[in-house]
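Please consult the sequence and model shown here.

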Amino acid sequence: MGKFAKWVAGGLGWAFFGPIGGIVGFVVGSMVDGEAGNLSQNGTQTSQTARTTTGGYVMSLLVLVAAVMKADGKVLKSELDYVKQFFVRSFGASSAQEAVKMLRDLLNQNIPVADVCRQIQKNMDYASRLQLLHFLFGIAQADGKVDPTEMNMITLIARNMGISAKDLDSIQSMFVPNTDSAYKILEVEKSASDEEIKKAYRKMAMKYHPDKVSYLGTDFQNAAKEKFQKVNEAYEKIKKERAFA
């Protein structure tokens, strides 16, 4: 059994309950084979946990990815290839293969997006929800652009996960550049003073720091570094434009 399946077998926690559990229940059994039985033995299926496990995070991510891919009413092979490449870059080839296998099954399920997102909001910390949003934009933009239907779905997901409009705009600006992208990433107006820029940078660097999701393991923490780097790049761009230290 590969790393991805071990993540799932390691514990779904709260994700096994509610709408997410209803969607992924049959998929988990076929993916982790004999290990699925161990879930009930170690208690992860029988009691909710306050903390999000890696398995719960992975399943939440895949369910939302499926919702975004289904947004335009069709799922193309090229989209699956893009998702696989994304997972290869983030988590390795073996995990990517297992993830795509599970995703194919999830794409055949009816996904009550609002209910799924509310379950995630209730049980997952804010920093981890921001990272989910970053993953979704990364996958949506994998073919070079974020389709309007995908953007609408991601906006719906963000709203129902309790993500603020400013944070949504910040992460979107990391993938859909415009003339004010650097300022939007830092969540400030272009008219902000140099001191306000510096204060905003410190705040965003803390909000998006990879250590915020360290409890999910090094794979997810490494993937979170991309978002953190975008904040640094935005700050350096503004510093260069304004010529301040």
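Is His134 buried or exposed? His134 is buried, with a relative accessible area of 3%, where buried means under 20% relative accessible area, exposed over 50% and partly exposed in between, with a 1.4 Å probe and protein chains only. The model is predicted: local features need pLDDT of at least 70, side-chain atom pairs count only at pLDDT 80 or more, and totals for chains, interfaces and linings use all residues. Residues are numbered from 1 along each chain as its sequence is written, and side-chain values use heavy atoms, with hydrogens and water left out.

**Overall composition**

The chain contains 13 helices and 0 strands; helices (H or I, at least four residues) and strands (E, at least two) are DSSP runs numbered from the N terminus. Of the 245 residues in the chain, 51% are buried. The accessible surface comes to about 11,100 Å², and carbon and sulfur atoms account for 50% of that area; the Shrake-Rupley method with a 1.4 Å probe supplies these areas. Among contacts (heavy atoms within 4.5 Å) between residues at least 6 apart in sequence, 76% join residues at least 24 apart.

Helix α10 spans residues 165-175, and its buried residues include Leu168, Ile171, Met174 and Phe175. The cover over the buried residues of α10 includes α8 (126-140), α9 (148-160), α11 (181-185), α12 and α13 (218-242). His134 belongs to α8. Leaving aside residues up to four places away in sequence, His134 touches Ile171, Met174, Phe175, Glu226 and Lys227.

The axes of α10 and α13 lie 11 Å apart at an angle of about 90 degrees; axes are lines fitted to C-alpha atoms, for helices over the stretch in contact, and angles run from 0 to 180 degrees between N-to-C directions. The two helices α10 and α13 are therefore roughly perpendicular, a class covering 65 to 115 degrees. In this contact, Ile171, Met174 and Phe175 of α10 meet Glu226, Lys227, Lys230 and Val231 of α13. The residues of the contact of α10 with α13 divide into 4 nonpolar, no polar and 3 charged.

**Exposed positions**

Glu195 is placed in helix α12 (residues 194-207), whereas Asn110 lies in the loop between α6 (93-106) and α7 (113-123). Both Glu195 and Asn110 count as exposed. Their accessibilities are tabulated below.

| Residue | Relative accessibility |
|---|---|
| Glu195 | 51% |
| Asn110 | 68% |

Glu195 and Phe244 are 49 residues apart in sequence, with a C-alpha to C-alpha distance of 10.0 Å. For Asn110 and Lys70, 40 residues apart in sequence, the corresponding distance is 9.9 Å.

Methods: Angles under 35 degrees count as roughly parallel, over 145 as roughly antiparallel, 65 to 115 as roughly perpendicular and the rest as oblique. Ala, Val, Leu, Ile, Met, Phe, Trp, Tyr, Cys and Pro count as nonpolar, Asp, Glu, Lys and Arg as charged, and the others, Gly among them, as polar.
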